[in-house]
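Colleague: I'm new to this one. Could you show me how to read its strands and its core?

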Amino acid sequence: MIKLLCDQMLGTLAKWLRLLGYDTVYIDNDLPDEDIIELAKKENRIILTRDKNLVITAKRENLRTIEIKPVDLDEQIKSVIKKFGLEEKKILSRCSVCNAPIVKIDREKVKNLVPKKVFENNKEFWFCENCKKVYWMGTHWKNMKKRIEKL
Ligand SMILES: [Zn+2]
């Protein structure tokens, strides 16, 4: 399975890639290029970046690196899907916040964790054991599906 690494400029893309099921590390700070390269090497990750210099340095180190040229998020997502494909069963398998796998959870167990209305309107819930975020197929999910279908 492919593993990705998004640098600081690609935070929104990283979130989306996780929701789509890609194992994605996001560097949320101004980490020096050498450290990014080190991390990518260690964890065998493909670097996604908008930074031309990083692309050059990483390629010199024989690391697989993709320069994300589009500014538009839809186009960015599209370019990644085109390269790596999309597995439908993997969608909504990772936490958008922390990249840990999320698991289906008993509805009763989230009763006190989500707003009452959300609980009443949804039958299925997922849970991130790492950061405790609860997921359901609400508006966010529907918008995302629409977005993917459009792509
Ligand atoms: Zn999480």
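Modeller: Start with Phe127, whose bridge partner in strand 7 is Val134. Strands here are DSSP runs of E with at least two residues, helices are runs of H or I with at least four, and both are numbered from the N terminus. Keep in mind that this is a predicted model, where local features need pLDDT of at least 70, side-chain atom pairs count only at pLDDT 80 or more, and totals for chains, interfaces and linings use all residues. Residue numbers start from 1 along each chain as its sequence is written.

Colleague: How many bridges join strand 6 to strand 7?

Modeller: Strands of a sheet pair through backbone hydrogen bonds, parallel or antiparallel. Here strand 6 (residues 125-128) and strand 7 run antiparallel, joined by three bridges; a pair needs at least two bridges found by DSSP. The open sheet has three strands in the order 5-6-7, with antiparallel pairing.

Colleague: Which strands stand at the edges?

Modeller: Strand 5 (102-105) and strand 7 (134-136) each have a single partner strand, so one side of each lacks a neighbour in the sheet.

Colleague: And the core: which residues have the most contacts inside it?

Modeller: Leu5, Cys6, Leu13, Leu17 and Leu48, in the largest nonpolar core, which has 28 residues. Such a core joins buried Ala, Val, Leu, Ile, Met, Phe, Trp, Tyr and Cys through C-beta atoms within 7 Å, buried meaning 20 or more other C-beta atoms within 10 Å of a residue's own, with C-beta atoms placed from the backbone. Helix 1 gives the largest share, five residues. Domain 1 (3-90) and domain 2 (102-150), with bounds from an automatic or database domain assignment, both contribute residues, so this core lies between them.

Technical notes:
Buried ≥ 20, exposed ≤ 12 C-beta atoms within 10 Å, placed from the backbone.
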